[in-house]
Amino acid sequence: MLGCKMKDNDKTREQLIEELEALRRREKYLRSLVENSSDVIMMIDDNQNIAYSSTSAVRVIDYKPEKYIGIKAFALFCPEDIPGAVNNFTGFVKEMSATQHVELRIQHCDRSWRFFRVFCRNLPDESGSPIILIDARDITGYKQADDRDITKLKQSEDKYPAYQQLLDIIDFLPDATYVIDHDKKVIAWNRAIEEMTGVRKEDILGKGEYAYTVPFYGRPGSNLIDLIFSDDSEAKLKYEYVERKGNKLFAEIFIPYVFEGKGAFLWSTTSPLFNTDGNLVGAIQSIRDITGYKQMAEALREHSDNLEELVKKRTVELKAANEHLLKEIAERKQAEEKLLIGEERYRNIVEDQTELIIRFLPDGTITLVNDACCRYYRMEKEVLIGHNIELFIPGYNKYEHSLTHLNRENPVIFFEHSVVLSDGEVRWQQRNVRAIFNETGRLVEYQSVASDITDRKRMEVKLQYARQQLLDIIEFLPDATLIINRDKKVTAWNRATEELTGVRKEDIIGKGDYAVHFYGKSRPMLIDLVFSDYNDDEKNYKYIRRKGNLLLAENYTPSVLGGKGAVLWGIAAPLLDGDGNLVGAIESIRDITELKQVEEKLRYFSLHDSLTGLYNRSCFEQEMCRLEEGSHAPVSIIVCDIDGLKLVNDTLGHNNGDALLVSAASVIKGSFRACDMVARIGGDEFAVILPKSDRLAVESAAQRIKHNIARYNSAKPLFPLSLSIGFAVSEEESISFDDLFKEADNNMYREKLHHRQSARNAIVQTLKKALEARDYITDGHADRLQDLVAALAITVGLPKEKLADLRLLAQFHDIGKVGVPDRILFKPGPLTQEEVIEMQRHCEIGYRIAKSAPDLVPIADWLHLHHEWWNGGGYPLGLKGDEIPLESRILAIADAYDAMTNDRPYRKAMTHDEAVAELKRRSGSQFNPQLVQEFVQILKKVTGESKKSF
């Protein structure tokens with residue numbers, strides 16, 4: 001019965017160790033997820049002090065967490081951001097489970113300010129006080145539009161204090177206890193086994209190769225604990241008794257080397273240790289000195305033998321005589337005294353136990369309690385005996401049905417329950433109840449052994465709270481995050497992953513086919529590559545790189561975001577248990593589609609001209625360098641230049657000039673093959689590279705350009721297109737593209753000298769026709785004006801050779817209006833000050849047009865100044881009096897009269913008399929007084945309506 005009790009106690013300790021070890025591994029497992037985050041994770045208490053920070057702070061802002069633990073959180077923020085942060089904090093801290101996010105600046109170790117997007121969540125701690133969970137992401141790169149590295153994840157090697165507490169529990173167990181891992185290396189060696197073997201834990205921790213058997217057998221070899229890993233026949237032979245119950249082993253053996261060579265009988269119990277996934281990761285062995293028990297048992301056996309011999313002798317003696325009866329009775333009394341001594345020893349052993357031992361009848365009546373039980377419940381033994389077991393096991397009726405099913409094959413049940421002590425304190429116990437049967441198999445009694453597990457329960461609550469906090473952090477992370485175990489089954493799938501894939505965590509947790517939700521089919525993902533040093537599947541990624549035990553990759557996933565697809569950046573890392581064994585992997589995924597699109601646009605614009613879409617000069621020069629290094633002879637270059645583009649830009653503005661450039665680019669590009677490089681290399685200059693093209697081919701290409709220009713102009717565009725073309729051909733194997741380009745450019749320039757004048761004249765005539773087509777004001781105006789200025793010029797005595805230029809001035813004086821927008825030119829009402837300034841620009845535009853055409857050069861200055869006033873109040877130069885050319889003064893009077901006597905968009909025409917009166921009123925201010933008098937006299941000489949005479 002005593003041996004059974006010891007086994008039950010050992011089993012209780014083993015369960016405690018296994019459960020604490022599982023909790024410790026789970027806590028470290030979750031903590032590693034946080035420490036591997038690319039963001040800075042912090043906790044702030046209700047006093048606004050930093051209570052916790054992840055080690056990722058070293059990577060992001062170059063501060064070790066211990067430097068700012070306990071300081072005010074706002075001390076890290078930019079002073080300009082603190083008022084807003086304080087206001088947010090004050091209201092936010094009152095709302096439990098609330099979330100929000102803000103952007104603010106945090107100071108880097110180098111004193112620079114970095115931008116962070118901060119996600120906050122209000123979580124209560126164990127006591128209900130608010131704890132603010134902070135997830136700070138560095139977005140400085142986005143703010144500065146610079147390339148940025150994806151924040152890296154790394155495995156944390158920090159261990160939770162629960163692990164040390166577990167080691168302390170093992171260290172203070174009364175039985176000698178040690179633990180080995182899967183590699184049979186010692187990872188725990190408590191004080192009791194130090195006293196038993198004389199070997200200190202510092203000298204044996206971490207050692208393998210059966211080092212734990214040397215202190216017991218004097219040499220390395222297999223032991224009872226090795227039977228956990230395999231059926232070792234050598235280990236079995238060492239023991240006088242070995243029994244397996246489930247996955248536990250029990251054995252008895254005499255060891256001569258322990259207790260400084262005194263030797264002892266030892267009772268051993270060993271159990272396997274599993275991780276949270278059920279994998280065997282080690283074993284634990286608990287050893288108890290039962291030498292005293294063995295000595296008592298041996299004494300009893302010897303005494304029993306003596307009694308048998310005595311009975312035999314007495315039987316013989318009784319047959320012979322009765323004189324030895326008194327001696328026999330005396331010997332029997334002596335034996336009874338020994339039995340009483342043995343019983344007393346057993347009772348002392350029971351009383352010395354720290355576990356709570358109770359015996360009770362099938363009806364629940366308590367028949368025995370030990371001293372530990374009395375101390376625990378703070379009650380006298382005499383009071384406890386006779387009470388019902390429900391006093392110790394609240395809700396006993398829940399377990400009573402299970403007790404009735406106990407038998408000799410399965411005599412024990414285990415359970416945990418809470419108790420309320422006399423002072424109201426609530427504590428937890430772990431209890432086993434064993435059924436005791438008599439020789440006939442009838443149940444006669446129950447024996448219960450209980451241990452207080454309140455500390456363990458409290459630890460479980462704390463660990464559960466910490467675990468939930470870590471799960472909340474993972475759920476709160478803005479990046480899609482998934483976790484798989486060693487069997488590649490999903491164990492975590494946060495909200496961001498749900499939004500990315502459209503798959504709820506309830507539908508994926510515990511399953512393994514997660515890749516189909518990203519790629520539409522089963523295939524290895526980045527997280528799967530964590531389990532191998534090299535894998536051919538890496539070639540399936542557009543970009544992949546290993547950095548230590550991290551994997552970074554970029555790839556297009558077609559099935560995410562409802563089938564829209566996205567370019568994703570992933571970081572995967574292994575997850576290790578406390579012994580460094582790989583137990584799973586984590587992958588953090590970020591959608592970088594927009595970033596890649598921006599990169600593609602930047603790449604495109606770095607090689608192409610933004611206006612025409614052709615290759616730019618930089619790309620053109622790179623191509624020349626590339627071809628220069630290879631063998632591409634014969635090679636040709638064509639250079640084209642738009643004739644008259646500056647005139648269009650100066651007169652009609654750069655929008656019209658850009659339209660002419662786009663038309664020229666389309667004509668040129670349409671004249672070449674797809675393999676020929678067509679580029680815009682300057683403002684009005686284009687170039688083409690034709691590899692493997694001889695002189696005949698390049699001459700044919702030049703003809704195609706001219707043919708396409710003629711076809712373009714035949715459609716009568718707003719501006720005719722004229723290109724000067726030059727080319728050069730090299731048939732040598734060694735080619736200097738700089739020289740070849742200069743030759744083609746020089747040939748183009750010589751042709752441009754021939755084209756320049758005709759192109760400008762064509763543009764001027766086109767501008768005049770465009771003005772006539774769009775401005776109904778000019779209808780007949782130029783013809784009437786020619787007659788009016790000629791009559792006034794003859795009257796004032798200008799020579800006849802001036803009359804032709806004056807008529808030309810009358811014809812082209814409004815040519816600059818082609819550069820005035822229609823919204824101003826045809827506005828049916830007075831112009832604003834800005835619109836007046838825009839309208840006045842037509843003098844400058846007309847002047848530049850006239851200077852560009854040789855036929856109009858003689859009238860350029862007159863055209864420029866025909867809106868100057870006699871008193872200096874005109875434009876564009878503010879000249880006055882005789883500073884104004886006579887021809888401009890004549891045109892101003894005649895132009896004003898014709899304008900007043902014809903309709904305008906904003907007024908009706910005046911009568912002849914009204915117009916003459918207006919001319920006289922403005923004489924001396926706007927107009928030359930002498931010329932006004934002469935002009936009025938000319939009008940009087942005309943019979944009929946003056947306006948219609950001209």
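In the predicted model, helix H24 meets helix H25 through Ala782, Leu785, Gln786, Asp787, Val789, Ala790, Ala793 and Ile794, which touch Leu803, Leu806, Arg807, Ala810 and Gln811 of H25, where contact denotes heavy atoms within 4.5 Å and helices (H or I, at least four residues) and strands (E, at least two) are DSSP runs numbered from the N terminus. The residues of this contact divide into nine nonpolar, two polar and two charged, with Ala, Val, Leu, Ile, Met, Phe, Trp, Tyr, Cys and Pro counted as nonpolar, Asp, Glu, Lys and Arg as charged, and the others, Gly among them, as polar. Helix H24 (residues 781–796) and H25 pack at an angle of about 145°, and their axes are 8 Å apart; the axes are lines fitted to C-alpha atoms, for helices over the stretch in contact, and the angles run from 0 to 180 degrees between N-to-C directions. The crossing of H24 with H25 is right-handed, the term for a near helix turned clockwise from the far one by less than a right angle, left-handed being the anticlockwise case.

Residues are numbered from 1 along each chain as its sequence is written, and side-chain values use heavy atoms, with hydrogens and water left out. As the model is predicted, local features need pLDDT of at least 70 and side-chain atom pairs count only at pLDDT 80 or more, whereas totals for chains, interfaces and linings use all residues.

The 16 residues of H24 should span 22 Å at 1.5 Å a residue, and the end C-alpha atoms of H24 are 23 Å apart, which agrees; the expected span is 1.5 Å times one less than the number of residues. Among the residues of H24 that are buried are His781, Arg784, Leu788 and Leu792, where buried means under 20% relative accessible area, exposed over 50%, and partly exposed in between (1.4 Å probe, protein chains only). The cover over the buried residues of H24 includes H25, helix H29 (886–900) and helix H31 (929–941). Just after H24, glycine 797 takes a positive phi of about 90°. For H29, 15 residues should span 21 Å at 1.5 Å a residue, and the end C-alpha atoms are 22 Å apart, which agrees. Helix H29 is largely enclosed by the rest of the structure, because 14 of its 15 residues are buried.

The loop between H25 and H26 contains histidine 813, which is buried with a relative accessible area of 1%. The side chain of histidine 813 makes a polar contact of 3.1 Å with the side chain of aspartate 814; such a contact is a pair of N or O atoms within 3.5 Å, of which, within protein, one must be able to donate a hydrogen and the other to accept it, and residues adjacent in sequence count only if both atoms are side-chain atoms. Leaving aside neighbours within four places in sequence, histidine 813 is in contact with His781, Leu785, Leu863, His866, Leu891 and Asp895. Valine 818 is placed in the loop between helix H25 (801–812) and helix H26 (822–825), and this valine 818 is also buried, at a relative accessible area of 11%. Although valine 818 and leucine 652 are 166 residues apart in sequence, their C-alpha atoms are 6.6 Å apart in space.

Several backbone features were also computed. Most residues other than glycine have a negative phi, and most peptide bonds are trans. Tyrosine 875 and proline 876 are joined by a cis peptide bond with omega of about 15°, and proline 876 lies in the loop between helix H28 (860–864) and H29. Glutamate 209, in the loop between helix H6 (191–197) and helix H7 (214–217), has a positive phi near 55° and is exposed, with a relative accessible area of 74%. Tyrosine 210 lies in the loop between H6 and H7 and has a positive phi of about 60° although it is not a glycine; at 28% relative accessibility, tyrosine 210 counts as partly exposed.

Glutamine 285, found in strand S11 (residues 280–289), is buried with a relative accessible area of 1%. The side chains of glutamine 285 and tyrosine 178 are joined by a polar contact of 2.9 Å, and the glutamine 285 side chain reaches the backbone nitrogen of isoleucine 225 at 3.4 Å. Over the protein chain, which has 32 helices and 26 strands, 49% of the 950 residues count as buried.
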